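Biologist: Could you take me on a close look at a single part of this protein, and tell me what surrounds that part? I would enjoy one connected walk through it.

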Amino acid sequence: MNSERDRLPLAEDLRVFLAVVNKQSFAAAATELGQSPAYVSKRIQILEETLNARLLHRSTRGVRLTEDGERARHWALQILDTFDQFIGDLSDSRSEPRGNVHICSSFGFGRCHVAPAIAELARRYPQLNLRLDLFDRVVDLVAEGIDLEILVGDDIPEQHIGKKLAQHQRVLCASPAYLAAHGEPESLNALAQHQCLVLKERDNPFGIWLLTEGHEAQRVRVKGALSSNSGEVVLQWALEHQGIILRSEWDVRPYIEKGELVQILPQFSQPASVWAVYPTRLAESAKLRVCVEFLHQRFSRLLG
């Protein structure tokens with residue numbers, strides 16, 4: 001085997017590294033860890049030697065991540081989260097979860113899909129006090145005291161940990177009556193000649209649809225007389241023959257099966273996986289862990 005690959009970083013070194021990154025100071029990290037600054041410095045040195053990479057820029061004003069350090073921070077979070085879950089599986093840490101869990105999601109997905117899941121979660125774990133808030137904006141989990149966000153899309157904040165709950169996509173649809181009156185577009189560029197029902201969500205660019213064919217992504221600018229910040233509203237407009245929508249396959253599947261909507265340009269789609277996003281590693285919170293595991297089982301089953 002390659003001798004360089006035989007040397008793997010220790011979990012303790014990754015934890016020390018993340019403490020330095022979070023505190024932006026060796027001394028502050030040492031205080032948090034209950035260790036000496038010399039210990040912290042030595043662990044970082046060993047980690048950099050193990051990875052054969054410089055992870056931190058040091059100066060009198062503090063420390064900041066190098067490009068390799070940014071990648072190491074991302075992987076350290078994921079590795080430690082997985083490692084802690086492994087330890088939790090082999091221990092008795094799965095005691096009855098209890099306490100408050102503050103959850104958030106977007107309006108449409110939260111009302112239609114997250115809310116019923118949270119109700120079922122509450123029945124299964126009666127010692128949990130669950131609060132669900134719905135927002136049409138980007139949420140700062142730490143500043144707003146939120147434990148868990150259920151997010152649709154693949155734009156996960158770098159400072160948080162994400163677990164994919166379900167693989168999913170958005171597709172293009174219109175009613176048969178609309179297509180009979182206006183024709184079916186044969187290319188993405190042809191969408192510019194159609195009434196597209198534009199949805200404004202969170203910080204996504206308004207009137208820009210990013211669609212993929214295989215591994216190739218294309219941006220297309222769309223417009224129409226009707227737009228809304230509610231996915232339920234634009235879906236209703238599509239059912240009333242007002243134009244073309246880009247909506248979750250989960251939401252439109254029943255209407256396609258009944259013939260009320262027709263999928264168009266089926267070779268194109270928009271990735272829209274469902275994620276659980278949280279600022280704390282799951283092993284540090286039994287109540288958060290059971291919430292994420294429950295939602296993973298539920299959404300993967302429904303979207304499978």
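Modeller: Let me start with a term: a residue is buried when its relative accessible area is under 20%, exposed when over 50%, and partly exposed in between (1.4 Å probe, protein chains only). By that rule, 43% of the 304 residues in the protein chain are buried. Please keep in mind that this is a predicted model, where local features need pLDDT of at least 70, side-chain atom pairs count only at pLDDT 80 or more, and totals for chains, interfaces and linings use all residues. Residues are numbered from 1 along each chain as its sequence is written, and side-chain values use heavy atoms, with hydrogens and water left out.

The chain holds 10 helices and 15 strands, taken as DSSP runs (helices H or I, at least four residues; strands E, at least two) and numbered from the N terminus. Let us settle on helix H8, residues 231–239, where Gly-231, Val-234, Leu-235, Ala-238 and Leu-239 are buried. Viewed down the axis of H8, these buried residues stay within an arc of 145°, so they line one face of the helix; the arc is that of the directions from the helix axis to the C-beta atoms. As a rule, an α-helix has 3.6 residues a turn, so residues three or four places apart point the same way.

Now for the cover and the two ends. Among the elements covering the buried residues of H8 are strands E8 (198–199), E11 (227–228) and E12 (245–248), together with helix H9 (249–258); contact here means heavy atoms within 4.5 Å. At the start of H8, Ser-230 brings a side-chain oxygen to within 3.4 Å of the backbone nitrogen of Glu-232. After H8 comes His-241, with a positive phi near 70°.

Key. Polar contact = N/O pair within 3.5 Å; in protein donor to acceptor, adjacent residues only side chain to side chain.
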